[in-house]
Amino acid sequence: MKQLIVAPAPHAHSGDTVRRNMLLVILALMPAYAVALVEFGWGALITAAISVLACICTEYVISRYVLKEQRQTIGDLSAVLTGLLLAFNLPSTIDWWIVIIGAVVAIGIGKMTFGGLGQNPFNPALVGRVFLLIAYPAQMTTWPTPQGFHGAYVDAETGATPLYYLKHIVKAGDSSVIDQLPSLMDSFLGVMGGSLGEVSAAALLFGGIILICCRVITWHIPVAILGTVACFCACTGLAGALPEGLDTCHYIGYELLSGGLMLGAFFMATDYVTSPMSAWGKIIFGIGIGFIVMVIRTWGNYPEGMSFAILIMNACVPLLNKIRPQHFGEPKKA
């Protein structure tokens with residue numbers, strides 16, 4: 001006699017797997033990485049390779065020899081994606097041993113300490129990046145200028161990022177360095193210095209749209225972040241807080257196209273594990289990130305605040321997950 005087996009939903013597999021989604025995100029990052037290779041040459045190649053390899057090795061060692069797990073998780077490509085995202089948050093000229101430290105912190109502390117993929121409350125790549133920013137502030141804020149494969153890996157020429165000049169202009173009210181800002185078109189295409197993931201807003205936007213079209217992510221978080229930043233900049237301009245020579249439209253454009261905003265909005269804040277599940281939760285999550293970013297950029301000591309903003313809002317995700325639609329047939333709450 002055959003037994004009737006009753007199992008909880010879902011009963012039909014959608015075809016989605018962790019490996020598939022991770023692979024799609026990695027492929028969506030490739031246009032931006034191609035631009036980084038063109039701009040920074042060997043530095044972009046070496047930094048990314050070390051970061052990815054260090055993340056894979058760290059996860060394997062912890063899983064195999066610390067957690068004693070027989071089934072390895074490195075095949076799901078999550079460690080590869082973490083390594084790539086960490087590299088996107090680093091200067092291309094940073095010392096190789098610093099990259100390894102960041103990878104060990106990202107995987108060992110940001111991910112495996114909590115039990116591995118699906119249980120980490122904070123984005124692992126950002127945990128590694130913020131640790132390095134605090135531990136090695138000089139190396140993490142020395143930005144190379146684009147030199148392609150003709151430049152050296154470590155001794156490349158360095159310069160300030162557009163966000164540094166923009167912060168100096170807005171916070172100090174000094175319009176004398178406005179000429180140091182690249183054009184909006186250069187910012188959009190990536191002809192400027194910065195980390196690997198800052199150089200091409202166009203490529204990152206293209207990859208983000210691919211992820212939305214493939215339904216790997218939804219539009220709620222990116223649109224909420226970018227919309228909040230644009231509204232904050234518009235209010236700043238309407239309040240007359242911008243110095244002479246910088247109009248509101250250009251200010252909005254520079255804030256949207258510079259720094260890690262595009263990378264964070266489409267590829268880091270949308271992480272399944274560390275973002276809310278409901279649509280309204282995602283919108284509030286994105287608004288919070290956009291607001292914190294602009295507070296740090298405007299009044300903080302750091303010219304960029306995307307990493308801190310995402311990690312702060314990651315901590316709010318359990319509370320935001322309380323926001324859920326009313327179930328069919330569920331009585332209304334008083």
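Student: How does the lining of the largest pocket divide by class?

Tutor: The lining has 15 nonpolar, seven polar and two charged residues. Here Ala, Val, Leu, Ile, Met, Phe, Trp, Tyr, Cys and Pro count as nonpolar, Asp, Glu, Lys and Arg as charged, and the others, Gly among them, as polar. This is a predicted model, where local features need pLDDT of at least 70 and side-chain atom pairs count only at pLDDT 80 or more, while totals for chains, interfaces and linings use all residues. Residues are numbered from 1 along each chain as its sequence is written, and side-chain values use heavy atoms, with hydrogens and water left out.

Student: OK, and what counts as a pocket or a cavity?

Tutor: Both are found on a 1 Å grid over the protein atoms alone. A cavity is a set of points where a 1.4 Å probe fits but cannot get out; a pocket is an open set with protein on both sides within 12 Å along at least five of seven lines. Lining residues have an atom within 4 Å of a point.

Student: What volume does the largest pocket have, and which residues lie nearest its centre?

Tutor: About 430 Å³, where a volume is the space filled by probe spheres set on the grid points, which are joined across faces, edges and corners. The lining has 24 residues, and Met22, Leu81, Leu117, Asp271 and Tyr272 lie nearest the centre.

Student: Which helices supply at least two residues each there?

Tutor: α1 (18-40), α3 (78-88), α5 and α12 do. Helices are DSSP runs of H or I with at least four residues, strands are runs of E with at least two, and both are numbered from the N terminus.

Student: What about the second largest pocket?

Tutor: That one has a volume of about 210 Å³. Its lining has 15 residues, with Thr141, Trp143, Thr161, Pro303 and Glu304 nearest the centre. α5 and α7 (162-172) are the elements that give two or more residues to this lining. By class, the lining of the second largest pocket has nine nonpolar, three polar and three charged residues.

Student: New topic! What does the secondary structure of the chain come to?

Tutor: 15 helices and zero strands. Of the 334 residues, 52% count as buried, meaning under 20% relative accessible area with a 1.4 Å probe on protein chains only; exposed is over 50%, and partly exposed is in between.

Student: Which helix is largely enclosed by the rest of the structure, and why?

Tutor: That's α11 (residues 248-257), because seven of its 10 residues are buried. Tyr251, Ile252, Gly253, Tyr254, Glu255, Leu256 and Leu257 are the buried ones.

Student: And what follows α11?

Tutor: Gly259, with a positive phi near 70 degrees.

Student: Which residues other than glycine have a positive phi?

Tutor: Leu77 has one, about 70 degrees, and Arg215 has one near 60 degrees. Leu77 is in the loop between α2 and α3 and counts as buried at 15% relative accessibility. Arg215 lies in the loop between α9 (201-213) and α10 (220-238), and is exposed at 74%.

Student: Where is Ser51, and what does Ser51 touch?

Tutor: Ser51 sits in helix α2 (residues 42-66) and is buried, at 0% relative accessibility. Leaving out residues up to four places away in sequence, Ser51 touches Gly83, Leu86, Ala87, Val99 and Ala103. Contact here means heavy atoms within 4.5 Å.

Student: Last one: how far apart are the end C-alpha atoms of α13?

Tutor: They are 30 Å apart, which agrees with the 30 Å that the 21 residues of α13 (residues 279-299) should span at 1.5 Å a residue. That expected span is 1.5 Å times one less than the number of residues.
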